[in-house]
Amino acid sequence: MGGGPGTGGGSWSPGSKRAAQRLAGLLVGAIDDGLIESAHTFGIGDLEGMPTGEAILEILEWIAEDAVDLDQQVARRSVEEVLSNLDRDGVDLDQPMDTATGTDIFRGFVVEYVTRSILMPVTPRLVENAAAPKSREKERDIARYVEALVEVDIPAERFAEIDWLGVEGAGVLDQIHNDALDALADGET
């Protein structure tokens, strides 16, 4: 696979892992208090009364900060993807979020990020060595495999119990990414 932090080929860069941990921490807080109150707890600012789109943009800026390398850009785009679904789905940011919703949002982020970071270095080889339909099929296989890993490693009943901002959360993120890379290297996907 090659690469390393910041290239999409290795593990999470410090910036992308921080974004993942912040998103998880924010969502766990939203399960109890709603996204606006959780954001306030993290010092994001006063989002009360702000249009949903603007509030989500403020949250995105705090979670993903400045994307200074390719890996952080992948993380930011993945956060943006899942947060934009909140606005599109008309989620009330003031109301507590149920655990399943918070878990699904975070899982969606992790699937997006890990899949994109894995595909970045291998896409040129897929395109070079396979016809377009076969290449797209392989990309879908990778995404489905990552999704299955995420569902196993982040069960809804444990999501709110994991210390996402600490060592435990970092370990879960590393495990998912490493398992996906190992499966790709072994040809399981």
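pLDDT is the predictor's confidence in each residue, from 0 to 100. The structure described here is a predicted model, and its protein chain averages a pLDDT of 83, with 85% of the residues scoring at least 70. Over residues 1–9, however, pLDDT stays under 50, although the model has 30 contacts beyond four places in sequence for these residues. Where pLDDT is low, the predicted coordinates should not be read in detail. Among the elements of the protein chain, the highest mean pLDDT, 93, belongs to α1, whereas the lowest, 80, belongs to helix α5, which covers residues 99–129.

Empty space inside the model was examined next. Rolling a probe the size of a water molecule over the atoms shows where such space is left. A search of the whole structure finds two cavities of 30 Å³ or more, and the largest cavity holds about 60 Å³ of space. The lining of this largest cavity is formed by G15, R18, A19, I63, A64, E65, D66, Q72, A75 and R76, and at least two of its residues come from each of α1 (14–33), α3 (52–64) and α4 (70–88).

Apart from neighbours within four places in sequence, S16 is in contact with D71, Q72, A75 and Y113.

How values were computed. Residues numbered from 1 in each chain as written. Predicted model: local features only at pLDDT ≥ 70, side-chain atom pairs only at ≥ 80, totals over all residues. Heavy atoms only, no water. 1 Å grid on protein atoms, 1.4 Å probe; cavity = no way out; pocket = protein on both sides within 12 Å on 5 of 7 lines; lining within 4 Å. Points joined across faces, edges and corners; volume = space filled by probe spheres on them. Helix = DSSP H or I, 4+ residues; strand = E, 2+ residues; numbered from the N terminus. Contact = heavy atoms within 4.5 Å.
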